[in-house]
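Student: I would like to learn how to read the features of a model like this one. Could we go through them together?
Tutor: Gladly; let us look at it first.

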Number of protein chains: 2
Amino acid sequence: MSEKIGILAIGHGSRLPYNNQVVTEIAGMIAKKHPEYVVKAGFMEMSTPSVEEALLSFEGTHVSTIVAVPVFLASGVHITKDIPAILKLDPEKNQGSIEMNGQQVKILYGKPLGSDELIADLIFKRALEVL
Amino acid sequence: MSEKIGILAIGHGSRLPYNNQVVTEIAGMIAKKHPEYVVKAGFMEMSTPSVEEALLSFEGTHVSTIVAVPVFLASGVHITKDIPAILKLDPEKNQGSIEMNGQQVKILYGKPLGSDELIADLIFKRALEVL
C-alpha cells in the first residue's frame, strides 16, 4: 500500500474575498489534477478555515504526510516565522508532526511561489489578455 | 513597422529583499523569453524603482503601448485603487497614457495572477520538492 499524501495550500487571508477565492480555487485545481493527493486550503488570518482547522480536517483521510505550501508570491516574515509557528515546526528541521487517529502524521513545509518560469508565463499571458 | 510593446511588471515592494527579487527576476525571465518586448519592473512602495520611475524608463525605447501587470496573487485595494491612481488611469476605461518623446504612449492594465492552472502546477511542484 503506497503512502497517502496531503497538500495544505496556505493563503494569507483577507477581509476581502479575493485572496480566499484564489487560494481555494488553486487547491481545487490541484485536487482535480492529482486525485491521489488529499488537498485542503487554510488561511493564516482573517479568512476561514484557519491553518489549524485545515490541518485537523485531514483527520480520517489516512494521510501519512502533509506538505504545507504557502500560496505567497515571495518569502518574508509570514513564511519564515508566522506559518512555521502555527504549524509548530521544529525550527532546525523545518518539519513537524500532528497526531491523527493515534498516528503521527509528518508535516513538511514547501517554499512559496518565488521566481519561476510558470509565473513569468502567467504574467506574460495577463499582458496579452489586454493587448 | 510593427508596434513595439512595453510590459511593466508591478510589485508591491517590501523592506525585505524577497518581493523585489522575485518581481525583478520574473521581469528578467519575460524579457529573455520575449526579446521583442521591452520589459521593466517597478514597485508600489518601499522598493526601487518606483512605478513612476519604471514608467519613465521606457523613454527612448519607442514603445507605443505599455501594459502594466500587477505581480500580485489576488485582487484587492492595491489593484483596484492604488496602482490605477499611480498610473493615472481613466477609471472608466482602466487605461491611461503618458507623453514620451512628444508622443502619447498608451497604458493598458492587466489582471493579477489570480487562480490559474500555472499557479496550481507551481504549488504542486513546490510540494513535490520537499516530499
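Student: Is M46(A) buried, partly exposed or exposed?
Tutor: Buried means under 20% relative accessible area, exposed over 50%, and partly exposed in between (1.4 Å probe, protein chains only). M46(A) has 45% relative accessibility, so M46(A) counts as partly exposed. Before we go on, some ground rules: this is a predicted model, in which local features need pLDDT of at least 70 and side-chain atom pairs count only at pLDDT 80 or more, while totals for chains, interfaces and linings use all residues. Residues are numbered from 1 along each chain as its sequence is written, chains are lettered from A and ligands numbered from 1 in the order in which they are written, and side-chain values use heavy atoms, with hydrogens and water left out.

Student: Where does M46(A) lie?
Tutor: Helices (H or I, at least four residues) and strands (E, at least two) are DSSP runs, numbered from the N terminus. M46(A) belongs to the loop between β2 and α2 of chain A.

Student: What is the phi of M46(A)?
Tutor: Most residues other than glycine have a negative phi, and most peptide bonds are trans. In M46(A), phi is near 70 degrees, a positive value in a residue other than glycine. N101(B) also has a positive phi, near 50 degrees, and sits in the loop between β4 (96-100) and β5 (103-109) of chain B.

Student: Which peptide bond of chain A is cis?
Tutor: The bond from T48(A) to P49(A) is cis, with omega near -5 degrees. P49(A) is placed in the loop between β2 (38-43) and α2 of chain A. In chain B, a cis peptide bond joins T48(B) and P49(B), with omega about 0 degrees.

Student: Which residue carries the "active site" annotation?
Tutor: UniProt positions are given in the numbering used here, feature names are shortened, and annotations may be inferred rather than shown by experiment. The annotation comes from an unreviewed UniProt entry and covers H12(A). H12(A) is in the loop between β1 (5-11) and α1 (17-33) of chain A.

Student: Which residues does H12(A) touch?
Tutor: Contact means heavy atoms within 4.5 Å. Not counting residues up to four places away in sequence, H12(A) touches N19(A), F43(A), M44(A), E45(A), M46(A), F72(A) and H78(A). So our partly exposed M46(A) is among the contacts of H12(A).

Student: And F58(A), is that residue buried or exposed?
Tutor: F58(A) counts as buried, at 1% relative accessibility. F58(A) is in the loop between α2 (51-56) and β3 (65-70) of chain A. Leaving aside neighbours within four places in sequence, the contacts of F58(A) include I7(A), L8(A), V38(A) and M100(A).

Student: Which residue forms a salt bridge with R126(A)?
Tutor: E129(A) does, at 2.7 Å from N to O. R126(A) and E129(A) both lie in helix α4 of chain A, three residues apart, about one turn of the helix. R126(A) counts as buried at 8% relative accessibility, whereas E129(A) is partly exposed at 44%.

How values were computed: A salt bridge is a side-chain nitrogen of Lys or Arg within 4 Å of a carboxyl oxygen of Asp or Glu.
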